[in-house]
Number of protein chains: 2
Amino acid sequence: MTTAPVDVDTARSDYAALVGRGLKLDLTRGKPSPRQLDLSAGLLKLPGEQFKAEDGTDVRNYGGLKGLAELRRIFARALQVPVEQLLAQGNSSLELMHDAVVQAMLSKLPGAERRWADEPRVAFLCPVPGYDRHFALTERFGIEMIQVPMNDDGPDMDLVERLVAEDAGIKGIWCVPKYSNPSGVSFGDETVRRLATMTTAAPDFRIFWDNAYAVHHLTETETEIADLLGLATEVGNADRVFVFGSTSKITYAGAGVGFFGASEANLAWWTGLIAKRTIGPDKVNQLRHALFLRDEDGLRVHMRAHAELIAPKFAAVDRILTEELGDQASWTKPAGGYFISLTVREGTAKEVVRLAKEAGIALTPAGATHPHGDDPADATIRIAPTFPDLSEVEEAIRGMAVCVRLAAAQKG
Amino acid sequence: MTTAPVDVDTARSDYAALVGRGLKLDLTRGKPSPRQLDLSAGLLKLPGEQFKAEDGTDVRNYGGLKGLAELRRIFARALQVPVEQLLAQGNSSLELMHDAVVQAMLSKLPGAERRWADEPRVAFLCPVPGYDRHFALTERFGIEMIQVPMNDDGPDMDLVERLVAEDAGIKGIWCVPKYSNPSGVSFGDETVRRLATMTTAAPDFRIFWDNAYAVHHLTETETEIADLLGLATEVGNADRVFVFGSTSKITYAGAGVGFFGASEANLAWWTGLIAKRTIGPDKVNQLRHALFLRDEDGLRVHMRAHAELIAPKFAAVDRILTEELGDQASWTKPAGGYFISLTVREGTAKEVVRLAKEAGIALTPAGATHPHGDDPADATIRIAPTFPDLSEVEEAIRGMAVCVRLAAAQKG
């Protein structure tokens with residue numbers, strides 16, 4: 001155990017020993033582990049004999065743009081969207097966010113003066129650290145990304161309010177409101193209230209509310225966040241909210257179901273446009289999920305089983321970082337979600353990732369938590385501990401700590 | 001049986017009797033019948049215990065943008081795309097066509113001078129009669145639709161060649177090359193060769209080759225069409241071909257798998273862009289399909305079972321139209337696919353559909369076979385006989401014939 005800074009020679013010799021071990025470990029992505037996936041083994045034989053939805057619909061045939069009501073009902077409360085305003089769609093929420101941007105580019109949103117493609121400038125607020133796939137999506141469409149710091153209760157709302165009030169080019173904000181990727185932060189009630197009620201210069205401003213970890217608790221305490229869509233609706237701002245969610249980290253990653261929730265005006269806009277794209281989502285998979293999860297209680301029991309598998313991995317990361325780095329770095333202690341955000345000495349995150357890679361430990365690229373992959377402080381590293389076995393997580397974190405110490409010692 | 005034209009009074013009295021029967025029949029959409037869907041009952045319990053693809057991939061987790069090789073292999077020959085150039089994607093081919101247009105609008109295609117969104121004008125050639133969902137999609141993006149007549153061996157190629165050679169605004173053509181929707185026409189070898197080799201003014205011209213009925217034979221004779229992608233590749237035009245297909249009318253409509261085939265340059269363009277949208281398709285459903293269909297022979301046996309169920313319906317339509325209308329109308333006798341195209345007296349198709357609706361027989365809106373729903377001759381009606389029971393098909397067609405006779409008699 002080495003919690004005091006070490007000299008370069010010691011750090012180098014520790015690192016040489018690490019490289020000599022020839023590890024091959026991967027902490028890059030927030031993937032469920034095979035044991036987590038085993039929890040949903042029942043899905044592989046479902047729906048079995050059954051092919052009728054509760055309303056009599058033959059799920060094997062065309063139709064049903066909104067998705068099955070019995071599945072939407074299971075997720076309505078968790079996603080804080082009235083069931084009649086919640087759609088069950090395809091196999092991911094990322095594609096729904098992508099398509100929401102695409103449709104807004106090519107067709108006027110409710111309240112918009114023009115299509116985003118015809119705007120002189122489209123910008124999104126990007127709370128940082130944040131989710132690299134959000135940023136990649138905005139970047140792909142040439143959308144300007146304006147960074148906003150994340151505080152302990154969500155984005156810096158003073159700054160957010162000021163920016164959206166004065167700049168009509170700001171059309172959206174990325175939010176992961178619960179157990180945020182990567183910091184684990186959950187938005188405070190006041191943050192949510194301010195997002196719902198703030199004045200925006202753009203009439204077609206949208207909050208992309210990616211509630212990816214709505215039920216992904218790591219402890220007995222189930223964090224609740226305020227109801228953004230409800231609050232926004234109360235004050236006449238219902239149209240500013242796009243809610244996204246999925247079962248990717250509940251059942252299967254890629255073979256799950258994505259959800260989209262919004263106001264009636266937004267849903268009319270959305271369904272009118274996607275009706276040109278699809279005759280309906282995979283209702284067999286939706287029925288499969290409804291039969292497997294059964295109801296809200298079934299969902300809760302299922303998520304507790306996930307927590308039992310992954311909470312020890314999060315605890316191990318915290319324990320080993322404490323042992324190995326002490327106050328040489330800081331890191332988050334999330335109560336849910338899939339990530340730990342590690343803050344190392346400024347100017348060393350890239351070097352840590354490079355050193356780790358050479359020692360056979362794959363980490364998410366430093367900077368991935370920031371737009372364009374550029375973390376100005378070069379200090380943030382996202383740790384994704386869910387996929388490897390517990391012993392691998394321990395080994396990888398201990399090895400990473402060696403890299404953190406060497407990078408700091410080299411910096412002098 | 002009434003094959004000679006009838007006077008208005010007889011026609012009116014026949015129609016009054018029809019209305020009096022209070023039918024409720026639907027020939028609108030090309031949907032598989034429940035008995036056809038029963039053929040794939042095995043899918044409902046698959047993949048069972050298995051969750052590894054042949055290459056060891058855990059299909060329950062993220063990844064695999066191209067889709068499973070074992071499924072692509074089953075469809076490569078039928079879709080005439082080398083397996084390494086064929087992607088297995090989401091639950092429909094319509095969404096792949098939609099997204100191909102979207103991506104071309106927002107990102108420069110290989111060979112393009114600019115994005116389609118930045119073109120002064122984008123036009124598609126639309127062989128008519130054609131598929132209404134193709135036209136709705138092009139219309140939604142403001143793409144101009146230029147009609148081209150369908151002949152017995154495909155689109156009028158003299159006209160197609162002339163138009164694409166002189167007009168750089170023409171960026172695409174919709175084709176359903178085998179058992180076309182709605183005429184049942186299969187493209188002749190010479191048509192395919194000319195499409196592959198013709199000179200186009202647009203450097204980014206694309207043939208949207210919707211091979212929706214590649215294996216959907218109604219008879220023992222399996223129509224083969226020439227290999228567009230192969231021919232185009234031979235003459236250096238590989239990039240002009242986008243091949244689409246799906247299992248929507250093989251297994252389940254909505255819970256099947258869509259395919260996209262193209263040149264390497266097009267695939268690099270496509271996968272680079274969809275990687276911002278998705279982490280991968282539903283590989284569990286792809287494994288399910290691969291296990292169920294097994295191989296090309298399994299697919300052939302499965303499609304013969306479909307033909308046994310639907311060929312009698314097509315035969316009944318032909319028999320009843322012959323009995324009831326004789327030479328008062330003409331109609332196609334397709335060797336595959338899902339539709340019969342009925343040509344009634346000019347200026348009466350809309351009236352036939354209206355009369356049928358009032359008598360409880362739902363037909364696809366007249367004009368749906370043409371861009372903007374406008375058939376200038378008002379003469380084409382698409383008949384979709386697969387979904388209803390045989391006795392219902394017979395009843396509906398006999399009732400529709402009453403409407404055809406009345407509309408003609410009213411016209412005088």
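Biologist: Quick one: does H217(A) count as buried or exposed?
Modeller: H217(A) counts as buried, at 12% relative accessibility. Buried means under 20% relative accessible area, exposed over 50%, and partly exposed in between, with a 1.4 Å probe and protein chains only.

Biologist: What should I know about the model itself?
Modeller: It is a predicted model: local features need pLDDT of at least 70, side-chain atom pairs count only at pLDDT 80 or more, and totals for chains, interfaces and linings use all residues. Residues are numbered from 1 along each chain as its sequence is written, chains are lettered from A and ligands numbered from 1 in the order in which they are written, and side-chain values use heavy atoms, with hydrogens and water left out.

Biologist: Back to H217(A). Where is it found?
Modeller: In the loop between strand 7 (206–210) and helix 8 (228–234) of chain A. Helices (H or I, at least four residues) and strands (E, at least two) are DSSP runs, numbered from the N terminus.

Biologist: What does H217(A) touch?
Modeller: Leaving out residues up to four places away in sequence, H217(A) touches K178(A), Y179(A), E222(A), T223(A), A307(A), A335(A) and G336(A). Contact here means heavy atoms within 4.5 Å.

Biologist: Which side chain makes a polar contact with that of H217(A)?
Modeller: That of Y179(A), at 2.7 Å. A polar contact is a pair of N or O atoms within 3.5 Å; within protein, one must be able to donate a hydrogen and the other to accept it, and residues adjacent in sequence count only if both atoms are side-chain atoms.

Biologist: New topic. How many salt bridges are there over all chains?
Modeller: The count is 64. A salt bridge is a side-chain nitrogen of Lys or Arg within 4 Å of a carboxyl oxygen of Asp or Glu. Side chains of opposite charge can pair when their charged atoms come close.

Biologist: Show me one in chain A. What does R194(A) pair with?
Modeller: With D158(A); the closest N and O atoms are 2.6 Å apart. The pair links distant parts of the chain: R194(A) is in helix 7 (residues 189–197) and D158(A) in helix 6 (residues 157–166), 36 residues apart. R194(A) is buried at 18% relative accessibility, while D158(A) is exposed at 54%.

Biologist: At what angle do helix 6 and helix 7 of chain A pack?
Modeller: About 5°, with their axes 11 Å apart. Axes are lines fitted to C-alpha atoms, for helices over the stretch in contact, and angles run from 0 to 180 degrees between N-to-C directions. That makes the two helices roughly parallel. Angles under 35 degrees count as roughly parallel, over 145 as roughly antiparallel, 65 to 115 as roughly perpendicular and the rest as oblique.

Biologist: Which residues make that contact?
Modeller: Helix 6 of chain A gives M157(A), D158(A), V160(A) and E161(A), and helix 7 of chain A gives T191(A), R194(A) and L195(A).

Biologist: And which residues of helix 7 of chain A are buried?
Modeller: T191(A), V192(A), R194(A), L195(A) and A196(A). Their cover includes strand 5 (154–155), helix 6, strand 6 (170–175), strand 7 and helix 8 of chain A.

Biologist: Over to chain B. Where do R162(B) and E166(B) lie?
Modeller: Both are in helix 6 (residues 157–166) of chain B, four residues apart, about one turn of the helix. R162(B) is partly exposed at 48%, and E166(B) is exposed at 54%.

Biologist: Why can residues four places apart point the same way?
Modeller: An α-helix has 3.6 residues a turn, so residues three or four places apart point the same way.

Biologist: What does R398(B) meet in a salt bridge?
Modeller: E324(B), at 2.9 Å from N to O. R398(B) is in helix 13 (residues 390–411) and E324(B) in helix 11 (residues 296–325) of chain B, 74 residues apart. R398(B) is partly exposed at 33%, but E324(B) is buried at 7%.

Biologist: Last topic: backbone. Is the peptide bond from N181(B) to P182(B) cis or trans?
Modeller: Cis, with omega near 5°. P182(B) lies in the loop between strand 6 (170–175) and helix 7 (189–197) of chain B. The bond from L46(B) to P47(B) is cis too, with omega near 5°.

Biologist: What is phi of Y179(B) near?
Modeller: Near 50°, a positive value in a residue other than glycine. Y179(B) is buried, at 1% relative accessibility.
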